Amino acid sequence: MHTAINKYSLVCNATKNMLCGCFKRRSSHFVYHPERISSELGKTSKKNMYQAINSAMDLVLSKDPNSVVFGEDVGFGGVFRCTSGLRERYGEDRVFNTPLCEQGIVGFGIGLAVAGTTAIAEIQFADYMFPALDQLVNEAAKYRYRSGNLFDCGKLTVRTPCSAVGHGGLYHSQSPESFYAHSPGLKIVMPRSAQTAKGLLLSCVRDPNPCIFFEPKIMYRLAVDDVPDDDYELPLGKADVLIEGKDITLIGWGTQVHVLLEVAEIANKDFGISCEVIDLVTILPWDKQTVTKSVKKTGRAIVSHEAPLTGGFGAEISASIQEDCFLHLESPIRRVTGYDTPFPHVFEQFYLPNKWKCLQAIKELINY
């Protein structure tokens, strides 16, 4: 009896392994490009993005006794483990859970920041930050202006996971950065890697303005870099030119930067097309000077993001390029983005602006 069961189990397991190998779901639509590390930043260790973010918050809590971290489940480490170990290290009065109420989380953070506390709030998914839209747009963004600079909530940083993850469907995959980019007074940042995540998050926490820090959740574990152990900051409002080129400029942020880096390699290797790749880094305020300087050199531009086409931040960039670079353009500006539909589940791979869509756009603009 036992022998028969064991044989049956072996057959089932073998079949299961074979089927899993054939039909394994591919959650990543890009190849991650690790960061190069500068020796100026000191000793490093291998960290993925969630560990780098954890390291940044650990530094803030250790150096600033008036800092707190809070949000849904952060006391337990958070759903993506970004706050693991922080409550044990700094106590329940500095790292604590909140009710499931995004408007309340952000409103509470604004009050803390106005009173002088360094407040790091976590919204569990960017898709669910919309209930806090009024607090962010009408309160946080305008607090300094409405008080004539007598008061501000610049010590507020809101962290939130965003973008595609391979299986999130319509409520756990959105990229809502353009909604908040229409709100002067906020700073909006999206890192591309573990190394940039730590430096940019530390800059956000210490910036004198309220910041929204969007974290592409597919890279929490996938993105692994040599991350400096010590404290360091990366500049906000400054784009990074990752590859220099002469034929076309490719502009993206977050996960999409890695899609564009791979596309640039393919275009150069297979078609001899030299692409300049720019990571915008900061959505608001965005580095218009770096982008327009590049487009004036190459004469062509593609802006790519996961968010839908209409009203996406690519439209703002495209309009600015048109205004400043019109006489230098060799072709129309192209946006390669998600579709104007809710984010799909089973059709995610068709929805995303993958490398083949971007490569096709490059070929069309070069041959225009």
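Predicted model: local features only at pLDDT ≥ 70, side-chain atom pairs only at ≥ 80, totals over all residues.
Local features are reported at pLDDT of at least 70 and side-chain atom pairs at pLDDT 80 or more, while totals for chains, interfaces and linings use all residues. Residues are numbered from 1 along each chain as its sequence is written, and side-chain values use heavy atoms, without hydrogens and water.

An unreviewed UniProt entry annotates residues 47–222 as "domain: Transketolase-like pyrimidine-binding"; such annotations may be inferred rather than shown by experiment. Over residues 47–222 the chain is 38% helix and 18% strand, where helices (H or I, at least four residues) and strands (E, at least two) are DSSP runs numbered from the N terminus. The end C-alpha atoms of this stretch are 10 Å apart.

Helix α14 comprises the 12 residues 355–366. Residues C358, L359, A361, I362 and L365 of α14 are buried (under 20% relative accessible area, 1.4 Å probe, protein chains only). Because they cover an arc of only 160° around the axis, they lie on the same side of α14; the arc is taken from the directions from the helix axis to the C-beta atoms. These buried residues pack against β10, α10, β11, β13 and β14, with contact meaning heavy atoms within 4.5 Å.

The whole structure contains zero disulfides (pairs of cysteine sulfur atoms within 2.5 Å). For C162, the nearest cysteine sulfur is that of C82, 12 Å away. C204 is buried at 0% relative accessible area, and its sulfur is 4.1 Å from that of C211, too far for a bond.

Key
Expected span 1.5 Å × (residues − 1). Buried < 20%, exposed > 50% of the residue type's maximum accessible area, 1.4 Å probe, protein only.
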